[in-house]
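Subject: Structure handover

Hello,

Here is the structure I said I would pass on. My notes on what was found in it come after it.

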Amino acid sequence: RVVPAGMEPGQGALAPAGEQQGMMEDGKVHSASGLFAYLEMLEAQAHEAAVKQEEIEQQEEKLAMLKKKVQELRLQRDELRAKVDLQGKGQLGKEGVMSEPAQPSSQAVLEWKIKSVKAMLQIFYLTGISGKLTKRGVCFCISTAYEGTYLDSYYLDLLIKPEVQIYRHSIPVFIPLEQIAKKYLQTDIRRFLSVLSDHLNAYVGRRFQADRLQEQFPEQIEGPLQRNSLCNLLVFKYYVSSKSKTFSLTARLLYGDLCHSLPTEAIVSCTPDAPASLAETAAAHSDLFRRMALHKAFRSFSTAPES
Amino acid sequence: MDDSTLQAYEDEIQSLEEEIKLLAEKYEDSQQESIFFSDEEILMAMKSSQGNFEGQSEGRESLSDLKAQLESLEMDLSFLMKFTGIQFTSHSKNTVERTTNRTVQKHRLSGHCYSLSFQLEFQLLEVQNKENVSAVVTDLGIILESGEDSDVSKFVSSTEEHGNLLTFFRSLLSYAEWYEHRRCTFLHFK
């Protein structure tokens with residue numbers, strides 16, 4: 001180490017308090033290295049300050065940009081609001097937008113018609129059978145619903161040459177598609193779709209009822225609701241209260257007709273120690289389950305006065 | 001202090017963008033539902049070559065693209081009407097409510113199936129969920145020709161009560177076929 005002449009320990013003029021404590025600790029000051037370290041520290045401080053300054057500037061820039069964007073969007077929103085208000089007041093006649101010339105452009109006319117035809121095609125979705133022509137055939141869409149609620153839709157991509165065949169589909173495996181296709185696809189496509197639609201709608205209807213039951217009466221159902229994928233076999237335990245005592249009943253519903261969403265068989269049984277009146281309730285429930293949608297049946301005996 | 005201002009701006013931007021989207025949709029709906037072009041006007045537009053050589057307005061498709069799109073859609077529609085036997089003669093809809101997740105539209109529909117005509121009115125509620133859009137039909141009103149038949153009126157009122165639009169259409173076809181068959185038989189014996 002080279003110590004510059006004249007710099008004796010303790011005599012370093014460049015020994016400010018505080019940050020230089022490390023240098024003074026052992027009483028020895030290698031002033032040159034101390035000076036170097038001090039300069040390094042100043043440089044680091046200056047660098048940090050510069051970085052901070054840049055951050056602040058970037059932040060301010062970003063803030064200014066956002067402020068500008070907010071103002072632009074506000075303007076856009078106000079213009080649209082004014083347009084919509086004018087529409088409400090009936091200021092716009094047959095020609096459409098006020099700013100457009102009296103004669104609408106062919107573009108505007110066609111755009112209107114396209115939207116109109118698309119709306120009509122959407123209506124077909126509500127009828128249960130809709131679809132689109134494809135290069136090699138037709139892609140049908142079978143929609144399902146339970147009362148007013150539309151549920152899943154299923155696709156069937158058909159080829160028509162050399163004979164009608166199913167190219168692709170999204171029908172679940174437990175629906176007897178092949179059986180139905182074998183019977184009707186070649187001879188009567190409408191009948192084929194109609195029968196398939198019956199199966200799908202019934203399946204979706206059964207599933208819907210089981211889901212509503214679990215959702216609307218969770219405290220009344222004891223344990224899990226057992227069902228198969230086709231939802232044509234349902235087994236569950238449920239509580240009924242009679243004379244302020246709670247009893248457990250077991251229901252086994254079999255939906256023998258796959259095109260229907262009501263069970264063909266409903267066995268409701270009680271535990272051997274149950275009172276005789278409970279057997280009557282079980283019989284009444286069995287009858288109810290066969291006539292009425294499952295969740296509606298529960299609703300009817302949940303609100304009825306308990307015997 | 002900077003962070004909260006930043007956040008406030010970003011929140012406002014998001015809410016403004018949503019509002020703008022909603023207003024634009026409302027505007028489009030009203031436009032679509034309040035104007036009407038006759039078939040002749042559509043035909044003229046299809047024959048027109050206006051705009052083919054000029055620069056297109058920003059964001060709008062070229063006239064030839066629109067013509068092709070319309071032709072394809074009309075082919076699909078005409079196929080469906082022939083195939084299902086359900087011919088719609090008029091359709092009008094009115095957007096009653098539109099928020100970020102919900103749309104309620106009132107529909108008026110008329111048409112016929114074989115010789116049986118019908119008129120329908122219903123409200124369609126569409127709700128945007130995470131994965132899909134759910135649709136529910138309410139306030140269903142049905143006027144079906146030959147509604148004097150008591151079985152038919154029972155069917156119609158039960159369908160109306162439960163909003164069973166799908167069932168109505170599925171049953172309509174078989175009933176219309178049977179009705180047509182009966183009509184022809186009666187004519188034959190006159």
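B:Arg98 forms a salt bridge with B:Asp29, with 2.7 Å between the closest N and O atoms. A salt bridge here is a side-chain nitrogen of Lys or Arg within 4 Å of a carboxyl oxygen of Asp or Glu. Between domain 1 and domain 2 of chain B the count is 2 salt bridges.

Before the rest, some ground rules. This is a predicted model, in which local features need pLDDT of at least 70 and side-chain atom pairs count only at pLDDT 80 or more, while totals for chains, interfaces and linings use all residues. Residues are numbered from 1 along each chain as its sequence is written, chains are lettered from A and ligands numbered from 1 in the order in which they are written, and side-chain values use heavy atoms, with hydrogens and water left out.

Domains of chain B

Domain 1 of chain B covers 3-51 and domain 2 covers 85-188; such bounds come from an automatic or database domain assignment. Their C-alpha centres lie 30 Å apart. Contact (heavy atoms within 4.5 Å) involves 6 residues of domain 1 of chain B and 6 residues of domain 2 of chain B. The two domains bury about 580 Å² between them, and carbon and sulfur atoms give 45% of that area. Buried area is the accessible area (1.4 Å probe) that two parts lose on being put together, summed over both. Of the area that domain 1 of chain B buries against domain 2 of chain B, 69% is supplied by B:Leu22, B:Asp29 and B:Glu33, more than by any other three residues.

There are also 4 residue pairs in polar contact between these domains, both residues at pLDDT 80 or more. A polar contact is a pair of N or O atoms within 3.5 Å; within protein, one must be able to donate a hydrogen and the other to accept it, and residues adjacent in sequence count only if both atoms are side-chain atoms. The side of domain 1 of chain B that touches domain 2 of chain B has 1 nonpolar, no polar and 5 charged residues. In these classes Ala, Val, Leu, Ile, Met, Phe, Trp, Tyr, Cys and Pro count as nonpolar, Asp, Glu, Lys and Arg as charged, and the others, Gly among them, as polar.

Domains of chain A

Chain A has domain 1 at 120-204 and domain 2 at 219-303, with C-alpha centres 33 Å apart. The contact takes 8 residues from domain 1 of chain A and 10 residues from domain 2 of chain A. About 770 Å² is buried between domain 1 and domain 2 of chain A, 66% of it on carbon and sulfur atoms. A:Tyr146, A:Phe174 and A:Ala202 supply 53% of what domain 1 of chain A buries against domain 2 of chain A, more than any other three residues.

Across this interface the rule finds 1 salt bridge. The side chains of A:Glu147 and A:Lys296 meet in a salt bridge at 2.7 Å, N to O. Helix α5 (residues 189-216) of chain A gives the most to the side of domain 1 of chain A that touches domain 2 of chain A, namely 4 residues. Helices (H or I, at least four residues) and strands (E, at least two) are DSSP runs, numbered from the N terminus.

Between the chains

The contact takes 71 residues from chain B and 66 residues from chain A. The area buried between the two chains is about 6600 Å², with 68% from carbon and sulfur atoms. The interface of chain B and chain A counts 8 salt bridges, and A:Lys132 and B:Asp76 meet in a salt bridge at 3.3 Å, N to O. The rule finds 20 residue pairs in polar contact across the interface of chain B and chain A, both residues at pLDDT 80 or more. On the side of chain B that touches chain A, α1(B) gives the most, with 19 residues. By class, that side has 37 nonpolar, 15 polar and 19 charged residues.

Backbone points

A cis peptide bond joins A:Lys161 and A:Pro162, with omega about -5°. A:Pro162 lies in the loop between β3 (149-159) and β4 (165-169) of chain A.

Regards
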